[in-house]
Amino acid sequence: MLVRISLLLTALAAQLTAWAQPSPVLNAADIKLQLRKLDTLGSVLYMAAHPDDENTRLLGYLAKEKLYRTGYLSLTRGDGGQNLVGNEQGELLGLIRTQELLAARRIDGAEQFFTRAQDFGFSKNPQETFSIWDREKILADAVWVIRQFQPDVIICRFPADSRAGHGHHTGSAMLAAEAFAAAADPKRFPEQLKYVKPWQAKRLLWNTFNFGGNNTTAPDQYKIDVGAFNVLLGRGYGEIAAESRSQHKSQGFGVAASRGSSLEYFTTIQGDAPKQSLMDGVNTSWERVPGGGKAIGEMVDKVITSYQVEDPAASVPALLAIRKAITALPDSYWKTQKLKETEQLVLACAGLWMEAYSTTAETVPGKPLQASVQLINNSHVPVRLQSIQQQDKDTTLNKQLEFDQFVSIPQMITVPANTALSQPYWLAAPHPLGMYMIADQQLVGRPENIPALQAAIHLEIDGQAFTVQRPLQYKHTDPVKGEVYEPLVIAPPVVANLNTQVFIFTEPQAQPVTVKLKAMADGTNGTVQLQVPSGFKASPEQQSFTLNHKGDETEVLFNLVPVQMNGNNSRVDTFNVAATVNGHVYTQSLQTIHYDHIPPITLFPPAAARVVSLRLKHNGNKLGYIAGAGDLVAASLQQVGYEVTLLDEKDIMGGHLQQYDAIIAGVRAYNTNERLKYWQPRLMEYVKNGGTLLIQYNTVGPLVTSQLGPYPFSLSRGDRVTDENAKVTWLQPNDEVMHYPNQITQQDFDGWVQERGLYFTVNAASEYRRLFAMNDKGEQPLDGSTLVANYGKGRYVYTSLAFFRELPAGVPGAYRLFVNLISAKK
């Protein structure tokens, strides 16, 4: 009986463009490059802290020119950064940046890995970083990836000192050095050894750099010219790198292509220093595989020599012979890797295209699902379709796949009742600041979930048995984009979404809570209620709902009222929505993230919202808001009773601005909105005539105008306070802003999240009043977080405090202070 070997898609996944069809498609030049890669047995792992830290030119050169198995281990998913394409923050931003990294890897040819570390924002030193990250657990994750990947060479992006410029960067280099040794030590993390073996890399290098005014390169360092031009790809690695790096769109990292010679420099941290090659002392030929590797290498050389660009299928018999020879080898890392590559090359040369898809976007565990498997044999290689296995269906076909004959096989399957929901595995459990909780060791390092539903397609190719796994995807036709593939979503039968995530109570009066229920399956009926904290009451206590068809929606209205307000003290609580269907309680909401440059992201976070009780007064009602790079400040201000209008060209250049009690510019507005250099004179005139203008933080460059205020000041390149609990000192205790309309106290800086502020001002003119001083531990106080100036009859405010994080998080004191900043006495 022929042995069926599961065919994984790891290596060829890098060949897919965007998130298109799940069946890899290689042209003849791609196949030739992969044949050369089959003859190369070397691996390199690059390590850094965040998405965008990686050197995409070096990764592309290593993966596609030197043909090493190449990986990038990013400690975090970039959750703590800013977002230039939307208003997602935190974990949601991490989801976007994960997909941007995967898009980058599909271009440069490397593979992507992560640890469980969460990016909690800028960190000034590794001591602060490791006070939040569990150093031992993240080290364990790095060791796990090394033991699985077995790199011959490890390269870190940063040095283990202050030149790294960020505590996470420094920490990544420190962990790289520790993991280099720990991965080889069977006494370190022995629980991993039931899955992997200890591994000692040959050397650990630091890829030195010259950017940001910091040159760490030197003429005596080992160097590589990575500016080569690949004739099979038709591009140089500077061009590939630019396209790869430009996938980091949420960070605004689009870059121009470079061409020609380009040197990368390295210094040795551990192991032998390279002299001739990164792989000095490493045998990258088939001879490194005992038990017959040399003979296989000779077979591969013959396939490469005889390969016909016009007829890749002619190489299939030789590749099948190679596959048979590899299968006979003793088990080893390179046997596994090269068997995968060989099987993928067989499919590519045979012109086999296969996919599994659903005609519905979502499905529910325990429910039926219409699925189809489609195949075509684009060559004359004899291929027989033996059977297809999908969940509870195992269909025997024993059908010859004739040349150029499209085959479509529908199957009605039942989704197993225990199928997990489409929730990113690292978000499946609540987690503390800085660390995700991952229970399954074998998920550690993976960039995303293993597809929940897959089709196993059993083939016989010229007498050899293959099993090809294809993920079940949703396929549909968009009238603009054409054929579109999206991840198939596994959903609960009902989801509940709230109209806002924060409810602010400034008075002991009821607020309406609208719950939108959506059926994810037919015949979804039940009851819904709010699970409220003590001190609150929901009316009615419970409501019934009936949703007959999948996709049906209904809204139910509750009134939420505090039983009593707690004097002048603020209080933050949470309530949940619980829907009961057929005796099961479901507490999930539905959240989707849609951008054209990444696949749709669906997750099911808890259907919950914060309830914040606080005493808050304001003397205005009508606000104008100028959108920046994306934030939720405008929606947060609506929660406390303001009427907020998003301002555009017509409003600012031709409208009546004095109707607004205050105008607010969103975060990084002066970095992203070119029109502000023309709007600025109108805004200054508005202030001069008695208006209040508040500008939230921007970065030093590029700014659309250097005249951000009525009087001169500058932005720092990095002055910030990252400790959200840092002491705040009053510099202007008698200033109106500190007393009107709310009395600001030290308690208003309690409970802040992630940071105090970022990119503080410097060199401010004497007309500005600096309200606060604050500093991180061991540093001098910074007084540039908030500037206030009287200008004409009005008030101008520039603040670098992180209100864009605090208001959506429902931080009571942040609301009180923000309202004071925009509430000038008339």
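I took buried to mean under 20% relative accessible area, exposed over 50%, and partly exposed in between (1.4 Å probe, protein chains only). The model is predicted, so I kept to its conditions: local features need pLDDT of at least 70, side-chain atom pairs count only at pLDDT 80 or more, and totals for chains, interfaces and linings use all residues. Residues are numbered from 1 along each chain as its sequence is written, and side-chain values use heavy atoms, with hydrogens and water left out.

I then looked up ring pairs, where rings of Phe, Tyr and Trp (its six-membered ring) pair if their centres lie within 6.5 Å, with planes under 30 degrees apart counted as stacked, over 60 as edge-to-face and the rest as tilted. The structure holds 28 aromatic pairs. In one of them, Tyr-425 and Trp-426 are edge-to-face because their ring centres are 5.0 Å apart and their planes stand at 85°; both Tyr-425 and Trp-426 are buried.

Phe-749 and Phe-772 are also edge-to-face, since their centres lie 5.4 Å apart with planes at 80°. Phe-749 counts as buried at 2% relative accessibility, and Phe-772 counts as buried at 0%.

I noted one aromatic cluster formed by Tyr-711, Phe-713, Tyr-768, Tyr-791, Tyr-796 and Tyr-798.

Last, I looked up charges over rings (NZ of Lys or CZ of Arg within 6 Å of the ring centre and within 35 degrees of the ring normal). The charged end of Arg-77 sits over the ring of Phe-114, 4.1 Å from its centre, and that of Arg-135 sits over the ring of Phe-130, 4.4 Å from its centre.
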